[in-house]
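Biologist: Before I rely on the labels attached to this fold, I would like to hear the criterion behind each one. Could we go through them one at a time?

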Amino acid sequence: RFQHGVDILLIPSAFSMPTGEAHWELLMRTRALECQCYVLAAAQAGKHNEDGNQRQSWGHAMAVDPWGKILAEFDGSSSGVKV
């Protein structure tokens, strides 16, 4: 277990599409394993600022257990809350 007595890490993000596709799942699973705690990772998805730079975020919010197993995940194309 994480040395500070933490059982759950809450991680917000807004990864870009290329970075999210390459690293998001790996980083979340790794964080859960190294800290031996659950990771709940909220992730902004879809296009924002459509009148400006048309930035798009990867999404893929997920819950990961201390062994790195993904318990729940959004696919990045939908919005809402998943329990």
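Modeller: What follows takes the labels in turn, from the overall fold to single residues.

Modeller: This is a predicted model, in which local features need pLDDT of at least 70 and side-chain atom pairs count only at pLDDT 80 or more, while totals for chains, interfaces and linings use all residues. Residues are numbered from 1 along each chain as its sequence is written, and side-chain values use heavy atoms, with hydrogens and water left out.

Biologist: What makes up the protein chain in terms of helices and strands?

Modeller: The protein chain has one helix and six strands, and from the N terminus on its elements run β-α-β-β-β-β-β. The elements are DSSP runs numbered from the N terminus, a helix being H or I over at least four residues and a strand being E over at least two.

Biologist: How do you know that strand 1 and strand 2 pair, and in which sense?

Modeller: Two strands pair if DSSP finds at least two bridges between them; strand 1 (residues 8-13) and strand 2 share six bridges, in the parallel sense, and Ile11 stands opposite Ala41 in strand 2. The chain passes from strand 1 through helix 1 (residues 17-35) to strand 2 in a β-α-β crossover that is right-handed, a word used if, with the strands pointing away from the viewer, the path from the first strand over the helix to the second runs clockwise.

Biologist: What makes the pairing of the four-stranded sheet mixed?

Modeller: The open sheet has the order 1-2-5-6 with mixed pairing: strand 1 and strand 2 are parallel, whereas strand 2 and strand 5 (residues 62-64) are antiparallel over three bridges, with Ala63 in strand 5 as the bridge partner of Leu40.

Biologist: Why are strand 1 and strand 6 said to stand at the edges?

Modeller: Strand 1 and strand 6 (70-73) each have a single partner strand, so one side of each is left without a neighbour in the sheet. Helix 1 packs on this sheet, touching strand 1, strand 2, strand 5 and strand 6, and its direction makes about 155 degrees with that of strand 2, where axes are lines fitted to C-alpha atoms, for helices over the stretch in contact, and angles run from 0 to 180 degrees between N-to-C directions.

Biologist: Why is Ala61 called buried?

Modeller: Its relative accessible area is 18%, and therefore Ala61 falls under the limit and counts as buried. Ala61 lies in the loop between strand 4 (56-58) and strand 5, and, leaving aside neighbours within four places in sequence, it is in contact (heavy atoms within 4.5 Å) with Ala41, Ala42, Ala43, Ala72, Glu73 and Phe74.

Biologist: How is His60 classed, buried or exposed?

Modeller: At 14% relative accessibility, His60 counts as buried. His60 also lies in the loop between strand 4 and strand 5, its phi is near 65 degrees, a positive value in a residue other than glycine, and its contacts beyond four places in sequence include Trp24, Ala43 and Gly76.

Biologist: What makes Phe15 and Trp24 an edge-to-face pair?

Modeller: Rings of Phe, Tyr and Trp (its six-membered ring) pair if their centres lie within 6.5 Å, and planes under 30 degrees apart count as stacked, over 60 as edge-to-face and the rest as tilted. A search of the whole structure finds one aromatic pair; Phe15 and Trp24 form it, at 5.1 Å centre to centre and 65 degrees between the planes, and it is edge-to-face. Trp24 is buried, with a relative accessible area of 1%, whereas Phe15, at 23%, counts as partly exposed.

Technical notes: Buried < 20%, exposed > 50% of the residue type's maximum accessible area, 1.4 Å probe, protein only.
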